[in-house]
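This report describes one protein chain, moving from the whole chain to single residues. Please keep the sequence and the structure in view while reading.

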Amino acid sequence: MEYLGQVLFLLLLVVGFGFFIKNIKKLIRNIKLGRNIDRTDNSSARWRNMIRVALGQSKMVKRPIPAILHIFVYAGFVIINIEMLEIIVDGLFGTHRAFSFLGTAYNALIGIFEVLAFLVIFGVVVFWIRRNVLKLKRLNQPELEGWAKRDANNIIYIETILMCFFLIMNAADYYLQSIGYTHYTAVGSFPISGLISPIFDGINPATVAFIERFCWWAHIAGVMVFMNYLYYSKHLHIFLAFPNTYFANLQPKGEFDNLEAVKKEVSLMMDPNADPYAAPAEPVGEPEKFGAQDVMDLNWVQLLNAYSCTECGRCTSSCPQNITGKKLSPRKIMMSTRDRLEDVSKIMDANNGQFVDDGKTLLNDYITPEELWACNTCNACVEECPIDISPLSIIMDMRRFLVMEQSAAPIELNNMMQNVENNAAPWQYSQMDRLNWKDEN
């Protein structure tokens with residue numbers, strides 16, 4: 001019985017990290033379903049972009065109020081969990097505040113953790129009010145109904161509860177230190193929980209010690225639950241924001257990639273030495289598929305984008321087409337891509353890792369052509385995203401499929417392409433008639 005607590009703690013860690021590793025493996029498998037794309041170029045610029053955007057949160061400051069609150073929550077939650085190292089050591093070796101030998105530095109750390117814990121609670125309470133009381137428009141769009149809204153609130157509740165456990169644990173510890181109860185020696189600095197500790201006055205010290213232990217166990221168990229919940233949550237961006245910004249497209253916005261097969265055809269047409277009567281080369285393997293119909297046709301960076309989406313709605317609130325009442329929502333594009341990818345993942349889980357056609361595709365069943373053609377490719381969504389996600393790249397790939405594989409472009413676009421083919425310009429006038437407008441007066 002002497003080591004029962006340590007054994008249970010070890011079991012908790014094994015189960016918690018075991019499920020976490022399993023989810024990470026599934027996540028990597030799902031992302032690898034996408035087509036290969038090389039994003040290993042210019043590593044120094046990629047590191048700078050990751051540090052500036054993901055770590056420095058440089059794009060968040062465009063909206064200062066949520067940016068400040070997000071910094072409270074993000075920095076607080078991440079930094080406070082540094083104390084998890086001490087909790088793990090205490091849990092495995094049966095010690096209590098094992099890092100207290102750091103003395104003044106330890107006191108300063110605990111004090112900083114407490115202030116940050118208070119700021120986290122303050123931040124998430126304001127976020128809850130903005131989302132559920134003030135009901136800001138970008139946080140209450142149709143695509144957020146159901147699970148997405150519950151998920152956002154779940155995160156708020158979990159973070160609040162974890163921080164409360166942390167502060168109550170410290171308050172009980174501080175009270176027991178003040179009365180010299182058993183092994184609770186005076187260590188640490190408790191600027192916030194020290195204000196809470198008077199609630200334990202008059203309570204049996206053994207009861208207070210039980211509360212301290214209960215909150216200690218609840219905190220570590222809650223962190224394990226939260227860590228594994230992230231896979232199913234929009235807060236997966238806590239981990240994925242860093243690789244997502246590293247592998248982001250560094251090309252100027254508005255510069256689209258060309259299809260190699262099309263480039264070869266155009267180059268051949270413009271080559272004066274090419275034989276126009278030569279038979280085309282026989283394709284090797286399956287013919288190339290133009291654009292994207294399903295998630296497997298997208299590249300792995302686009303699938304990483306889908307998992308990284310924070311669902312903050314900055315993209316949608318900045319989209320001119322959405323603002324003017326069109327059906328397009330860039331956030332919904334990313335959410336639908338992730339939904340389809342998760343559905344594909346479930347099919348693979350049920351079939352020993354193999355995908356079995358379910359008769360559905362990302363195009364039409366999750367994202368409609370109406371949404372795709374509403375986009376005017378202005379890049380506002382890409383510019384606004386705080387972690388460099390590109391809904392536009394997915395939209396353009398799916399448009400390519402509609403045009404080049406299904407000949408399903410809107411009539412206006414078909415007319416324009418026909419004019420380009422016949423008149424070398426998007427207008428219906430011949431080259432000889434283009435300047436007639438100057439004689440109209």
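Among the contacts in the chain with a separation of 6 or more, 77% join residues 24 or more positions apart. The model discussed here is predicted. Its secondary structure consists of 19 helices and zero strands.

**The chain as a whole**

The chain contains 441 residues, and a compact globule of that length would have a radius of gyration near 22 Å, whereas the chain has 28 Å. Taken along the principal axes, the C-alpha atoms fill a box of roughly 95 × 55 × 40 Å. Buried residues account for 44% of the 441 residues. The chain exposes about 23,900 Å², and carbon and sulfur atoms supply 63% of this area. As for charge, there are 40 positive and 45 negative side chains, and the centres of the two sets lie 5 Å apart.

**Helix α14**

Helix α14 covers residues 330-350, which is 21 residues. From its first C-alpha to its last, α14 reaches 31 Å, close to the 30 Å expected at 1.5 Å a residue. The helix is mostly covered, since 15 of its 21 residues are buried. After α14 comes N352, whose phi is positive, near 55°.

**Two tyrosines in loops**

Where is Y231 located? Y231 lies in the loop between α8 (205-229) and α9 (237-246). Because its relative accessible area is 4%, and buried means under 20%, Y231 counts as buried. Leaving aside residues up to four places away in sequence, Y231 touches N23, K26, L27, N30, L236, Y307, R338, E342 and S345.

Y184 is found in the loop between α6 (147-178) and α7 (193-196). Is Y184 buried or exposed? With a relative accessible area of 4%, Y184 is buried. Not counting residues up to four places away in sequence, Y184 touches H96, D173, L176, Q177, A209, E212 and R213.

**Residues with positive phi**

D388 and S407 each have a positive phi. The phi of D388, a residue other than glycine, is near 60°. S407 is not a glycine either, and its phi is about 50°. D388 is placed in the loop between α17 (380-384) and α18 (391-405), and S407 in the loop between α18 and α19 (411-423). D388 counts as buried because its relative accessibility of 16% is under 20%. S407 is exposed because its relative accessible area of 61% is over 50%.

| Residue | Relative accessible area | Class |
|---|---|---|
| Y184 | 4% | buried |
| Y231 | 4% | buried |
| D388 | 16% | buried |
| S407 | 61% | exposed |

Definitions and conventions:
Residues are numbered from 1 along each chain as its sequence is written. This is a predicted model: local features need pLDDT of at least 70, side-chain atom pairs count only at pLDDT 80 or more; totals for chains, interfaces and linings use all residues. Side-chain values use heavy atoms; hydrogens and water are left out. Helices (H or I, at least four residues) and strands (E, at least two) are DSSP runs, numbered from the N terminus. The expected span of a helix is 1.5 Å times one less than its number of residues. Buried means under 20% relative accessible area, exposed over 50%, partly exposed in between (1.4 Å probe, protein chains only). The radius of gyration is taken over C-alpha atoms; the globule rule is 2.2 Å times the number of residues to the power 0.38. Contact means heavy atoms within 4.5 Å. Accessible areas come from the Shrake-Rupley method with a 1.4 Å probe; for residues, only the protein chains shown count as cover. Lys and Arg count as positive and Asp and Glu as negative; His and the chain ends are not counted. The place of a charge is taken as NZ of Lys, CZ of Arg, CG of Asp or CD of Glu.
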